[in-house]
Amino acid sequence: MNAVVAPVANAGCVDAPVLYERGQREVFCGLTGIVWLHRKIQDAFFLVVGSRTCAHLLQSAAGVMIFAEPRFATAVIEERDLAGLADANSELDRVVTRLIERRPDIRLLFLVGSCPSEVIKLDLDRAATRLSQSFAPRVRIRAWSGSGLDTTFTQGEDACLAALVPDMPATEADAPPSLLVVGALAEVVEDQMARLFAEIGIERVRFFPPRRSDDLPPVGPGTRLLLAQPFLAETARLLEKRGATRLTAPFPLGVEGTAGWFGAAARAFGVDEARFDAAIAPRAERARTALARHRERLAGKSLFFFPDSQLEVPLARFAARELGMRLVEVGTPYLHRGHLAAELALLPPGTMLSEGQNVDNQLDRCRAAQPDLTVCGLGLANPLEAEGLATKWSIELLFTPVHGFEQAADLAELFARPLVRRSRLKV
Ligand code: SF4
């Protein structure tokens, strides 16, 4: 498979030292995931059980969806003592009952926990079981937490998908091997990927999460698991517990990552090499051509990642190897060495890696380095811009289709845009 760059053991940054940081964090919470998950699972409703702060966060993060049929809401739980918990449960039952009566289109209702102490006292898993019994089979009710305590904003997706794994049917005992792509992807990307899998001859391919909540893919010992996102540690663990085998691959970001990702599936399914190359090579070539103009602008520029989305390592690999950027620091909230093995092998040796957050230390290092571009959370972007640094909001990488060959140039453009804007402002 000439189109694939196979990762080499002990290469790149596989054994590189990592700076562990613990301290103050500047990140969004897991509720943010609702913004892209509600578009993906089209008959699901997300009921956040939280405070007014949670309602405000959702409203502002999801403000762009004002024209869409709302599929999320916040049940505001006011402060109450333990004696008031019974009331809180009956209030929740009342809110859910009214919602389901008003909205017959809802097939799956998520109770999404948050971090205020009065919500933590509520057992939402138990509430989901109780309410599910009342509304079965018409509506399934599941719970997950989007709490901002010790989590990052992408972990909301992990928690949501993990809550669905027990509902996935088991594969038939004699079922042939099948491929399960895990991680929410834009529909256009999913369709492109499905076409390409069919072209190389992998026919039994399912995507998780599905577009309809009653279309959950089966899982079992014949399932080969291909992660599309690097922040799904718990979901992957539960799927592996149900017998699935995870394929080691880079993530499908950029030309090289996408080729490596398809290559891992092709190897697992014994795809003929010539057939693979015939399908992949022209797409890879087109994508390389499309991103060349961004490479011209970005080559040699320095890049600093604050820990935020957990996409940092694959993005750094793409920026360094395909855009020629110089990595100053690659900070990530969690460095899952297993899931990132193929990525770490492709990172330039000597890359400075940091895990966790101590925002003051990282700001000091960033200011000292004066990188040409800084990828960070929204809360840090404005102050850094005010100090004269060009920034890119990491959350944009979740809201924009960036996976796959066809999107590689768009991904490059996301890095180039802040520099273009700055150069225009200077004129
Ligand atoms: S879950 Fe916690 S961090 Fe997130 S909006 Fe609600 S209160 Fe804030």
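Predicted model: local features only at pLDDT ≥ 70, side-chain atom pairs only at ≥ 80, totals over all residues.

Colleague: In which sense do β6 and β7 pair, and over how many bridges?

Modeller: Strand β7 covers residues 205–208. Its pairing with β6 is parallel and is made over four bridges.

Colleague: Which helix belongs to the β-α-β unit with β6 and β7?

Modeller: The unit is right-handed, and β6 and β7 are its strands. Its helix, residues 187–200, is α7.

Colleague: Which residue of β8 stands opposite Leu-179?

Modeller: Strand β8 (residues 223–227) runs parallel to β6, and five bridges join the two. Opposite Leu-179 stands Arg-224.

Colleague: Are the residues of β6 buried or exposed?

Modeller: Ser-178, Leu-180 and Val-182 point one way from the strand, while Leu-179 and Val-181 point the other way. Residues on both sides are buried. For β6, residues 178–182, the count is five of five buried.

Colleague: Which helix gives the largest share of the shell around the ligand?

Modeller: The shell has 13 residues, and Cys-29, Cys-54, Ser-114, Cys-115 and Gly-148 come nearest. By class it holds six nonpolar, seven polar and no charged residues. The largest share, three residues, comes from residues 52–61, helix α2.

Colleague: Which helix gives the largest share of the side of domain 2 that touches domain 3?

Modeller: Nine residues of domain 2 are in contact with six of domain 3. That side of domain 2 has five nonpolar, one polar and three charged residues. Its largest share is three residues, from helix α1.

How values were computed:
Residues numbered from 1 in each chain as written. Contact = placed C-beta atoms within 7 Å. Nonpolar A, V, L, I, M, F, W, Y, C, P; charged D, E, K, R; others polar. Near = placed C-beta within 6 Å. Buried ≥ 20, exposed ≤ 12 C-beta atoms within 10 Å, placed from the backbone. Pairing = 2+ DSSP bridges. Right-handed = clockwise from strand over helix to strand, strands pointing away.
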